[in-house]
Amino acid sequence: MGKLVFAKIVELLVDPDQPLELILDDTLSKHRGPKIFGLDAHLDAVRSTKTVRMFAFGHVWVVLAISVELPFSQRHWALPIAFRLYQTVKGCEKRGVPYKKKTELGRDMVDMVARWAPDIRFRVLADSAYANATLIKGRPSNVTFIGSMRTDSVLTAVPTKFVREPGRPGRPRLRGERLPKPFELAEDDTHRWKKTRVFIYGKPTLVHFKEVVAQWYRVSGIEPLRVVIVRTDAGKIPYRVFFSTDPKMSTSRILEAYSRRWAIEVCFRDLKQEFGFEDCQARKQNAVERTCPFLGYCYSLLVLWFASLTESERRAAEVERPWYRTKQNYSFADVLRAARLVLSQPGVSDLLCDLADLGEIPKRGRRSSSRLRGPSG
């Protein structure tokens with residue numbers, strides 16, 4: 001089903017001349033109760049801090065979504081196309097199944113989507129939790145990875161030639177000379193900060209940055225990366241570091257692409273607060289593994305359906321709020337309201353009452369036809 005949703009999104013919303021952006025992340029769906037398949041205690045990243053770690057019972061879903069632009073919104077949307085249920089080491093040992101890390105589940109989904117469309121160029125957007133060798137090394141040739149890294153990551157220069165050094169036995173050298181770590185480069189006054197204006201998070205922003213083309217050997221091997229150190233003027237973190245496996249990609253494009261990763265956080269919020277993603281009552285394995293992904297696919301299909309409407313049809317579902325005059329874009333709540341208006345139209349009960357099988361219902365348990373048909377009957 002995910003492949004069908006993927007094909008429909010590509011057909012309707014994706015520019016064939018531009019790379020298709022995939023967003024990879026995971027979310028905790030809180031649950032409690034006995035004998036629920038896959039239920040474990042997981043770290044709650046939303047409530048945790050650097051000093052206090054909070055845990056909660058539930059399911060962790062690793063999700064792969066497509067970042068798209070929609071005609072009714074100025075922001076990017078993340079439409080889910082693949083789900084994997086993460087299980088802890090103890091949970092896998094208890095159930096007798098092999099353990100897979102979240103990054104391994106994410107790599108499986110990226111490889112799967114790359115096989116679906118080998119002629120499409122993909123960009124995978126992910127945070128530092130997924131920026132590791134599992135996702136980057138040996139990835140499909142049509143996939144570029146854009147993510148963030150730690151400020152103390154070890155970088156080396158890209159050697160001009162992979163040749164054996166004179167008088168030194170062994171294989172040719174693959175790594176260049178040691179470079180300053182990102183935080184050392186940021187604090188080095190001999191390298192001046194550059195300026196550029198980028199459009200991120202819905203507004204133009206002036207950023208100060210330093211950049212270098214280097215190897216991150218532990219994660220990407222000998223492959224060169226473009227590393228960008230950004231100075232933050234607000235908050236407790238003085239620097240942020242981003243990278244792209246395409247060294248020819250400009251700094252502004254790297255930062256703008258990474259900012260679109262936030263769309264999947266909005267998607268998680270919509271699924272949980274508007275669509276009942278955490279309200280699933282399934283207990284058996286098949287039900288657990290199918291229900292939440294099915295909700296994610298319904299989310300993508302509803303957004304596609306709303307995008308196919310005309311502007312006048314979308315306005316028909318609007319609610320007049322005199323106190324809220326600044327709203328300019330549609331949200332997923334508006335998509336749901338429009339769908340409920342369409343699905344609430346009479347006609348389903350009338351069709352059921354016309355079925356011949358209703359004549360076989362015993363009289364003792366049979367309702368009157370007027371109640372079944374409603375006012376139109």
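Buried means under 20% relative accessible area, exposed means over 50%, and partly exposed lies in between (1.4 Å probe, protein chains only). The views below show a predicted model, in which local features need pLDDT of at least 70, side-chain atom pairs count only at pLDDT 80 or more, and totals for chains, interfaces and linings use all residues. Residues are numbered from 1 along each chain as its sequence is written, and side-chain values use heavy atoms, with hydrogens and water left out.

**View 1. Welcome to D44 and its salt bridges with K30 and R47.** A salt bridge is a side-chain nitrogen of Lys or Arg within 4 Å of a carboxyl oxygen of Asp or Glu, and the structure holds 22 of them. D44 meets K30 at 3.1 Å, N to O. This pair links distant parts of the chain, 14 residues apart: K30 belongs to strand β1 (residues 20-30), and D44 to the loop between β2 (40-43) and β3 (55-69). Strands (E, at least two residues) and helices (H or I, at least four) are DSSP runs, numbered from the N terminus. For R47, the closest N and O atoms to D44 are 2.9 Å apart. D44 counts as buried because its relative accessibility is 4%, while K30, at 37%, is partly exposed. R47 is also partly exposed, at 41%.

**View 2. Here R261 and E265 join in a salt bridge.** Their side chains come to 3.3 Å, N to O. R261 has 10% relative accessibility, so this residue counts as buried. E265, with 26%, is partly exposed. Elsewhere, salt bridges that share partners join E21, R123 and R260 into one network.
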